[in-house]
Amino acid sequence: MTAEKALRLGTRRSKLAMAQSGHVAEAVRQLTGREVELVEITTYGDTSREHLAQIGGTGVFVTALRDALTRGEVDFAVHSLKDLPTAQPEELALAAVPVREDPRDVLIARDGLKFTDLPAGARVGTGSPRRMAQLNAYAKSHGMRIETVPIRGNIDTRIGFVEKGELDGVVLAAAGLSRTGRSGEVTEFLPTDMILPAPGQGALAVECAADQRELAATLAELDDPFTRVAVTAERSLLAALEAGCSAPVGALADLLVDGQVAKEMRLRGVVGSTDGSELVQLSTTGPVPSSDDEALALGRELAAEMLAKGAAGLMGERAR
């Protein structure tokens with residue numbers, strides 16, 4: 001009897017993407033008993049040297065992987081969920097959203113400094129308008145003077161700016177550092193009431209062709225229902241604000257737990273001007289959604305409140 005041929009997992013080539021995909025590959029091996037080979041694919045977002053806000057952000061790390069899926073060159077693909085455009089193509093199935101890593105942002109600063117210990121005029125690097133808006137707003141409200149500096153590059157490159165003394169600190173996603181074994185370099189985990197993460201931050205998306213029903217059903221075993229409804233609500237907020245993943249929008253849905261039981265879900269959203277002079281920040285709490293439709297409704301409801309408070313005027317950087 002011949003062994004089943006290996007499943008082909010499409011992944012970006014970055015160290016982080018390979019680490020993320022490696023975790024999923026191992027989980028699929030355990031589930032199916034089949035070998036999984038990683039197929040490295042270069043995306044436009046990997047080769048462009050422009051800042052994400054300039055190239056639009058939406059889909060730049062995803063399109064090449066999705067093209068490989070639809071052409072049948074790979075069997076399934078793993079994405080950072082926050083990179084996915086909010087509209088799901090009909091020909092592809094979002095088969096699984098595994099348990100989310102820590103969604104928070106972190107600071108890696110020189111001399112082990114915390115954010116509030118940074119000197120006046122400290123230069124803090126980030127490629128994200130969302131982070132810039134919230135860091136600048138927090139600094140202003142606490143009488144601090146910082147300069148946010150737009151940067152690009154992988155984790156090594158970004159941390160290198162601090163190590164070489166070019167920047168006082170950089171802000172990155174906790175999940176990426178955890179998945180690449182570098183959490184020990186974090187000088188501060190930034191609380192979510194200081195800076196809300198990108199919608200879907202810390203979560204992975206496992207996609208396959210919609211007509212591959214057997215594979216989709218297998219991959220669905222990796223799905224975490226709580227993570228899925230949380231990120232669905234966050235991305236619904238993003239979609240209702242008509243913003244791309246490079247817009248200055250933060251969102252986080254978390255479960256409010258009573259004992260061992262999740263009783264309610266709170267969804268928080270923020271939109272801000274990148275200089276931090278204006279922020280619209282609101283939250284809503286309701287029963288834990290029992291379906292995608294309920295999660296979508298929660299996101300749309302909060303977006304409507306934010307738009308009524310002037311959020312639309314703060315999204316000048318949004319993807320065209």
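In which sense do β5 and β9 pair, and over how many bridges? The two strands run antiparallel to each other and share two bridges, with pairing here taken to need at least two DSSP bridges between strands. Val-106 has Phe-189 of β9 as its bridge partner. The model behind all this is a predicted one, so local features were kept only at pLDDT of at least 70 and side-chain atom pairs only at pLDDT 80 or more, while totals for chains, interfaces and linings use all residues. Residues are numbered from 1 along each chain as its sequence is written, and side-chain values use heavy atoms, with hydrogens and water left out.

Zooming out, β5 and β9 belong to an open, mixed sheet of five strands, ordered β7-β6-β8-β5-β9. Its edges are β7 (146-150) and β9 (188-189), each of which pairs on one side only.

Helix α6 (residues 155-163) lies across β5 and β8, at about 160° to β8. Its buried residues are Ile-155, Arg-158, Ile-159, Gly-160, Phe-161 and Val-162, where buried means under 20% relative accessible area, exposed over 50% and partly exposed in between (1.4 Å probe, protein chains only). These residues pack against α1 (15-32), β5 (105-109), β8 (169-173) and α7 (174-179). Thr-157, also found in α6, is partly exposed at 34%. At the start of the helix, a side-chain oxygen of Asn-154 comes to within 3.2 Å of the backbone nitrogen of Asp-156, and just after α6, Gly-165 adopts a positive phi of about 80°.

As for aromatics, a search of the whole structure turns up one pair. The ring centres of Phe-115 and Tyr-138 sit 5.9 Å apart with planes at 65°, so this is an edge-to-face pair (centres of Phe, Tyr or six-membered Trp rings within 6.5 Å; planes under 30 degrees apart are stacked, over 60 edge-to-face, the rest tilted). Because Phe-115 is in the loop between β5 and β6 and Tyr-138 is in α5, the pair ties together parts 23 residues apart in sequence. Phe-115 is buried, at 1% relative accessible area.

Then there are the charges: the structure holds 20 salt bridges, each a side-chain nitrogen of Lys or Arg within 4 Å of a carboxyl oxygen of Asp or Glu. One of them joins Asp-156 to Lys-15, with the closest N and O atoms 2.9 Å apart. Asp-156 is in α6 and Lys-15 in α1, so parts 141 residues apart in sequence are tied together. Asp-156 is partly exposed at 33%, whereas Lys-15 is exposed at 57%.

Glu-207 and Arg-66 form another salt bridge, at 2.8 Å between the closest N and O atoms. This one links strand β10 (residues 204-209) to helix α4 (residues 63-70). Glu-207 counts as buried at 0% relative accessibility, as does Arg-66 at 9%.

Terms used. Helix = DSSP H or I, 4+ residues; strand = E, 2+ residues; numbered from the N terminus. Contact = heavy atoms within 4.5 Å. Polar contact = N/O pair within 3.5 Å; in protein donor to acceptor, adjacent residues only side chain to side chain. Axes fitted to C-alpha atoms, helices over the stretch in contact; angles between N-to-C directions.
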